[in-house]
Amino acid sequence: MNQETFQIFLWVMSAVALVVFIALYFVKAGYGMFRTASWGISINNKLAWVLMEAPVFIVMFGLWGKSGVGFAVPVYFFFLLFQLHYLQRAFIFPFLLKGKSRMPVAIMAMGIVFNLLNGMMQAGGLFYFAPEGLYADGWAYLLKPHALLGIILFFAGMFVNLHSDYVIR
């Protein structure tokens, strides 16, 4: 994939996100308390969560390894933050769920597709198509205001996410 194709990919994903955002005001997503038989075959919710969220963790890891960026800071640091989030979403969160709920395979499949594409977007922007020299400052980059703000927002978001999961359980 080249830079131009990657940009088109990002625009298409943005357009799809807008369509899905609007559609979800009219269609009840078929999981959780909105699950109905009309969404088709369902499987164990914990298994579905792992199968749905793990691909992005695996894709990101594979694309990082293939990229050759290695352990260069700050790229590696941002990679680790991403992996931390999906480690929790794919391999910890599902096993904290209570009950024996089920998830339709169709919903899980949509999640898998999204997560594969999400991994490609994130890896593309971080490892392959970042502007030349963007991260050349190494550790000093992480002290720039926008990087500090991003790191703070990441941890604030993760805290809100973990707390929300706790409240829901």
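Analyst: Two salt bridges turn up in a search of the whole structure. A salt bridge here is a side-chain nitrogen of Lys or Arg within 4 Å of a carboxyl oxygen of Asp or Glu. The model is predicted: local features need pLDDT of at least 70, side-chain atom pairs count only at pLDDT 80 or more, and totals for chains, interfaces and linings use all residues. Residues are numbered from 1 along each chain as its sequence is written, and side-chain values use heavy atoms, with hydrogens and water left out.

Take Arg-89 and Asp-165. Their side chains meet in a salt bridge at 2.5 Å, N to O. This pair links distant parts of the chain: Arg-89 is in helix 3 (residues 75-96), Asp-165 in helix 5 (residues 145-168), 76 residues apart. Helices are DSSP runs of H or I, at least four residues, numbered from the N terminus. Arg-89 is buried, at 9% relative accessibility. Asp-165 is buried too, at 8%. The cut-offs: buried is under 20% relative accessible area, exposed over 50%, partly exposed in between (1.4 Å probe, protein chains only).

Arg-89 has a further contact. It lies over the face of Phe-93, 4.2 Å from the ring centre. The criterion is NZ of Lys or CZ of Arg within 6 Å of the ring centre and within 35 degrees of the ring normal.

Now Lys-144 and Asp-137. Their side chains form a salt bridge at 2.9 Å, N to O. Lys-144 is partly exposed, at 29% relative accessibility. Asp-137 is also partly exposed, with 43%.

Definitions and conventions:
Helix = DSSP H or I, 4+ residues; strand = E, 2+ residues; numbered from the N terminus.
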